[in-house]
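Please look through the sequence and the 3D structure before reading on, and keep both at hand while the paragraphs below lead you from one part to the next.

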Amino acid sequence: MTRRAWLPALAAALVCAAPALAEIAPNDVVFADGAVEASLTGTPGDPVAGAKVMTTNALGNCVACHQIAAMPEVEFPGDIAPALDGAADRYSEAQLRGIVIDAKHTFPDSFMPGMYKTSGFIRPGNGYTGKASEGEPPPILTAEQVEDVVAYLLTLKD
Amino acid sequence: MRRTITTQLAATALGLILAGAAWADPVEDTLVIDTDDGELEIVTKAPAPDHLKDVMDTIWSGWHYREDETRDLQRDDFDNPAMVFADRGLDRWNAEIGANGESCASCHQGPETFKGLRAVMPRVDEKTGKLMIMEDYIQSCVTERMGLEPWKVTGDEMKDMLALISMQSRGEIVNVAIDGPAQPFWEKGKELYYTRFGQLEMACANCHEDNQGMMIRADHLSQGQINGFPTYRLKDAGMVSAQQRFVGCVRDTRAETFAAGSDEFKAIELYVASRGNGLAVEGVSVRH
């Protein structure tokens, strides 16, 4: 990552740490045909931070399943799912947000995990400990991270 | 509509997909093992058993999905890192550790008396009607017949013994019973196999049936067969039993796992074993 790219990533990390104002909670998200119109944060996402989320194992880990030509530095991306190149030509921002939040509203029975979802699971765990989650588990991505990922996906045009 | 769009996209994606193609399928190869008693060919690929015919034609051992170097380690007992654990199992077999000085050998003679057993396990015990995995039989002898504290289900003593007993059936074709008294357990195992657990909402079948042959990041997904178990896992530099592997796979779905040796994982073991009916017991295998 170049030095300049660090700055927005860092800024995003700081924003995440601050208490969220007027965020839409996972159980309050409204889907329309799989799409989610309203931004979860009301603030535009940061595509650079989004790229980081997508390639970090413990976060989105999108590259476990998707290849992305614009990310040639990612080693061993998986090939289970369609390549994400041109995603912004195929889907609107609201559709992309819906797919990231919970793809099963767009693709029934999808293999893709819901990234901003906290209920409806069978035996949810406490992260990767193998132990039971106490109450609803936190979503895999925060509202900011979802918006950051959506912002990055919107840059994927052919 | 999405499907059409994805097809158009295929043109762009083609380069990437082709680059991965070398990996896409199980490798065509034959496993012939150099043993002390000469060469032994292992059936690692077979027509799917009847109960699987509607979802797949061919069953493949996980051996076919591993890199050349990993597969090679299993071709010669001399190179196979799991053999020392089977040898250690033989030492334990002969050790007079029971409360009254019994060893396994005092009642069972040599381990070769268990030839064929591994190929039909798990099974329902005729006397008790309980579903038994190999660990259960060993445990009942350890505690009830030798007066010892129970062995840890996934501990070294247990896994050494699993390795030794599995080796006695090396090359024999897996043939677990799924009907009669086994049927309710088998149905339970099947249901669990298709249940999407955890925050990632993934079932065994999502990875090992729908996506076998694909890459999930750097991992080449196999059919999740257990004919090779117990296995020496290079990543852990140690032996892994099927029960232990199940714990790991469920944990990786961000789920609360079941315990090794639990009724759920025993039912899963029976069901998964039955998906491998037709493959040969590998004795002790090597995976990464």
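Which residue in β11(B) is the bridge partner of B:Arg233? The bridge partner of B:Arg233 in that strand is B:Arg287. Before going further, note that this is a predicted model, in which local features need pLDDT of at least 70 and side-chain atom pairs count only at pLDDT 80 or more, while totals for chains, interfaces and linings use all residues. Residues are numbered from 1 along each chain as its sequence is written, chains are lettered from A and ligands numbered from 1 in the order in which they are written, and side-chain values use heavy atoms, with hydrogens and water left out.

Strand β9 (residues 231–233) of chain B is joined to β11(B) by 3 bridges, and the two run parallel; strands here are DSSP runs of E with at least two residues, helices are runs of H or I with at least four, and both are numbered from the N terminus. Two strands count as paired if DSSP finds at least two bridges between them. These strands belong to an open sheet of 3 strands in chain B, with the order β10-β9-β11 and mixed pairing. Its edge strands, each pairing on one side only, are β10 (238–240) and β11 (285–287) of chain B.

Turn now to the aromatic rings, where a search of the whole structure finds 8 aromatic pairs over all chains. Rings of Phe, Tyr and Trp (its six-membered ring) pair if their centres lie within 6.5 Å, and planes under 30 degrees apart count as stacked, over 60 as edge-to-face and the rest as tilted. B:Phe197 and B:Phe258 form an edge-to-face pair, with 5.6 Å from centre to centre and 80° between the planes. Because B:Phe197 lies in the loop between α7 (183–193) and α8 (204–210) of chain B, and B:Phe258 in the loop between α9 (242–251) and α10 (263–275) of chain B, the pair ties together parts that are 61 residues apart in sequence. B:Phe197 counts as buried at 5% relative accessibility, and B:Phe258 counts as buried at 8%, where buried means under 20% relative accessible area, exposed over 50% and partly exposed in between (1.4 Å probe, protein chains only).

The ring of B:Phe258 also has the charged end of A:Arg123 over it, 3.8 Å from its centre; a charge sits over a ring if NZ of Lys or CZ of Arg is within 6 Å of the ring centre and within 35 degrees of the ring normal.
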